[in-house]
Amino acid sequence: MSDPIERSGLRPGFWKTTPLERMTQAEWEALCDGCGKCCMNKLEDEDSGEVVLTRIACRLFDDTTCRCSQYPIRHQFVPECISLSPQNLDSHLYWMPETCAYKLLHQGKPLYDWHPLISGDEQSVHDARVSMQSRTLPEFEISEDDWEDHIIEEPL
């Protein structure tokens, strides 16, 4: 499987020296580690605001590749899908996975060794068992009333 995220030709170590809001679009996209956690449905406690991940995947999620099967046109099928940007990052940090590069860098933390930008290998996120690869259930097969039965601990 080849990495759909273009990581060649980027400035070496750009994530260490460039603020998120000053990254090029290619650098921003390269921060995605391909874990697929952002494509999992979440549950939010109305009282506490706590958000938990489930292993219930968005209907467009490909469990084998850990990617959106319709990424360029995903909003046609899932209008509520978030297009993350430096401008809206603050308002989405509360539901983002603890291992997410966007969240880590925003918090001033380093990327994990298994991140493809560090390891040089897009498979490393799967080998480290951080991704949702082969761990999900499709949302159309599980009643929303039963999603609580499929909460996952973070980080995996």
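Arg129 counts as exposed at 52% relative accessibility, where exposed means over 50% relative accessible area, buried under 20%, and partly exposed in between (1.4 Å probe, protein chains only). Arg129 lies in the loop between helix H7 (124-127) and strand S5 (137-138); helices (H or I, at least four residues) and strands (E, at least two) are DSSP runs, numbered from the N terminus. This is a predicted model, in which local features need pLDDT of at least 70, side-chain atom pairs count only at pLDDT 80 or more, and totals for chains, interfaces and linings use all residues. Residues are numbered from 1 along each chain as its sequence is written, and side-chain values use heavy atoms, with hydrogens and water left out.

The backbone of Arg129 has a positive phi of about 60 degrees, although Arg129 is not a glycine. Most residues other than glycine have a negative phi. Cys66 also has a positive phi, near 65 degrees. Cys66 sits in the loop between strand S3 (61-62) and strand S4 (67-68), and with a relative accessible area of 3% Cys66 is buried.

Next come the charged pairs. Side chains of opposite charge can pair when their charged atoms come close. A salt bridge here is a side-chain nitrogen of Lys or Arg within 4 Å of a carboxyl oxygen of Asp or Glu, and by this rule the count comes to three salt bridges.

One of them joins Arg11 to Glu27, with the closest N and O atoms 2.7 Å apart. This pair links distant parts of the chain: Arg11 is in the segment before helix H1 (14-17) and Glu27 is in helix H2, 16 residues apart. Arg11 is partly exposed, with a relative accessible area of 42%, whereas Glu27 is buried at 2% relative accessibility.

Another salt bridge is formed by Glu139 and Arg59, with 2.6 Å between the closest N and O atoms. Glu139 lies in the loop between S5 and strand S6 (151-152) and Arg59 in the loop between strand S2 (51-57) and S3, so this pair ties together parts that are 80 residues apart in sequence. Glu139 counts as buried because its relative accessibility is 16%; Arg59, at 41%, is partly exposed.

Lys103 and Glu98 also meet through their side chains in a salt bridge (2.9 Å, N to O). Lys103 is buried, at 6% relative accessibility, and Glu98 is partly exposed, at 40%.

Other acidic residues belong to a surface patch. Glu44, Asp45, Glu46, Asp47 and Glu50 form a negative patch; patch residues have over 30% relative accessible area and no salt bridge, with like charges joined within 9 Å and nonpolar side chains (Val, Leu, Ile, Met, Phe, Trp, Tyr) within 5 Å. Glu44 is in strand S1 (residues 40-44) and is partly exposed, at 47% relative accessibility.

Leu31 is in the loop between helix H2 (25-30) and S1, and counts as buried because its relative accessibility is 0%. Beyond residues up to four places away in sequence, Leu31 touches Phe14, Trp15, Leu20, Met23, Ala101, Tyr102, Leu105, His115 and Leu117, where contact means heavy atoms within 4.5 Å. His92 is found in helix H4 (residues 89-92) and is buried, at 14% relative accessibility. Apart from neighbours within four places in sequence, His92 is in contact with Ile82 and Leu84.

Note on methods. Accessible areas come from the Shrake-Rupley method with a 1.4 Å probe; for residues, only the protein chains shown count as cover. Lys and Arg count as positive and Asp and Glu as negative; His and the chain ends are not counted. The place of a charge is taken as NZ of Lys, CZ of Arg, CG of Asp or CD of Glu.
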